[in-house]
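Hello,

Here is the structure we talked about handing over. Please have a look, then read my notes below.

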Protein chains: 2
Amino acid sequence: MYGFWASSCTWRVRAALHFKGIAFEEKSVDIVKEQKQLTDEYRSINPSQKVPALVMNGETIVESMAIIQYLEEMRPEVSLVPKSPILRARMREICETIVSGIQPLQNIGLKRHFDSENKFKEFAEYFTTRGLESVEEQLKKTAGRFCIGDQITVADLCLVPQVYNGIVRHKINMEKFPIVSNVYEHLLKEKTFIETHPKNIK
Amino acid sequence: MYGFWASSCTWRVRAALHFKGIAFEEKSVDIVKEQKQLTDEYRSINPSQKVPALVMNGETIVESMAIIQYLEEMRPEVSLVPKSPILRARMREICETIVSGIQPLQNIGLKRHFDSENKFKEFAEYFTTRGLESVEEQLKKTAGRFCIGDQITVADLCLVPQVYNGIVRHKINMEKFPIVSNVYEHLLKEKTFIETHPKNIK
């Protein structure tokens, strides 16, 4: 896997690989200081010049959720997906709220499009908060210890890196999101998230 | 289905329902002038205050891609997904590039977060162009008449509304994207996209 320790999309895939017990090597592509994603070398791996990218069975797959679904289809034994169709739909609602509704609107690549650091901060904070409000509502229907009952699913792989970003980068006040916070705290105690945590990868 | 004629995410779901031959009624929620998504009435349908939302089998499903996957699982006979796992992954790469990489960064809900109409236009145009560059590369691997060979898939449901927005709203010069343009032109001639086209819904 090509990834970066601080990338939330990389963390999703890193956690999926770990959870499924698939041995992998992580090659660091520094997307911040060194801007390695822009090199010709990396462009030949992922023309979109983003992390993560996974090389598996001779194929390179990009885009974190596409990678995770591919892993789920290739290695379904340790599943990250609920058994019932309606719970799968609930899981995907949470995933999409984070993956399309929060992550793209707070990532640091946007910063240079704003007149000031402060303008970017406001923007990132607004959309993180708005997205977490939706997730909080969604979790009222489904949460147990984790997003969907007591099974770790793809929704948890999306939630943990996003809440971590929210707290660490955007200083979001999580008191407004008690269910999200509770699920997040439970997940942080799970081996999957301890061993794939950016602090332990850096 | 609760949706809005001009919403690209609504068009994705409208096209999925049409393609699968599922009879449905579209209830208009004007998200632009009347801001009906913010009413208490609509909040009780989708607390995220977004369209589309689908009521089916007594359940309300939100988030367009979650809805489409639910439809695929409930009505797999007329499939929107390729048979091989690697082509499914290729399809999802295209979907995610559009759904997370373009749509959230060009939608008109962002406008009020920018100092001027022009600033928003630049931003929307930049991310639409960048995303279409990725899709153009991705289509080199898979395109036939449509995104994945000659089968209409979920990738096409994402592509058509996004390119339409790109051309009509953001005045993107499509000459730089010959494969995307070619696939788009083919798709516009398909009954699914003719009958679900915003011009024919308005």
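**Cysteines**

In this predicted model, the sulfur of A:Cys158 has its closest cysteine sulfur in A:Cys95, 4.0 Å away, which is too far for a bond. A disulfide needs the two sulfur atoms within 2.5 Å. A:Cys158 is also buried, at a relative accessible area of 1%. B:Cys9 is in no disulfide either. For B:Cys9, the nearest cysteine sulfur belongs to B:Cys158 and lies 8.7 Å away. B:Cys9 is buried too, with a relative accessible area of 13%. Searching the whole structure gives 0 disulfides over all chains.

**Second largest pocket**

This pocket holds about 1100 Å³ of space. Its lining counts 46 residues, and those closest to the centre are A:Arg130, B:Gln49, B:Lys50, B:Asn107 and B:Gly109. Three helices each supply at least two lining residues: α4 (85–99) and α5 (117–142) of chain A, and α1 (8–19) of chain B. α5(A) gives the most, with 7 residues. By class, the lining has 19 polar, 16 nonpolar and 11 charged residues.

**Annotated domain**

An unreviewed UniProt entry places "domain: GST C-terminal" at residues 84–202 of chain A. Over that stretch the chain is 61% helix and 0% strand. The end C-alpha atoms of residues 84–202 are 37 Å apart.

Best regards

Technical notes:
Residues numbered from 1 in each chain as written. Chains lettered and ligands numbered in written order. Predicted model: local features only at pLDDT ≥ 70, side-chain atom pairs only at ≥ 80, totals over all residues. Heavy atoms only, no water. UniProt positions renumbered as here; feature names shortened; annotations may be inferred. Helix = DSSP H or I, 4+ residues; strand = E, 2+ residues; numbered from the N terminus. 1 Å grid on protein atoms, 1.4 Å probe; cavity = no way out; pocket = protein on both sides within 12 Å on 5 of 7 lines; lining within 4 Å. Points joined across faces, edges and corners; volume = space filled by probe spheres on them. Nonpolar A, V, L, I, M, F, W, Y, C, P; charged D, E, K, R; others polar. Buried < 20%, exposed > 50% of the residue type's maximum accessible area, 1.4 Å probe, protein only.
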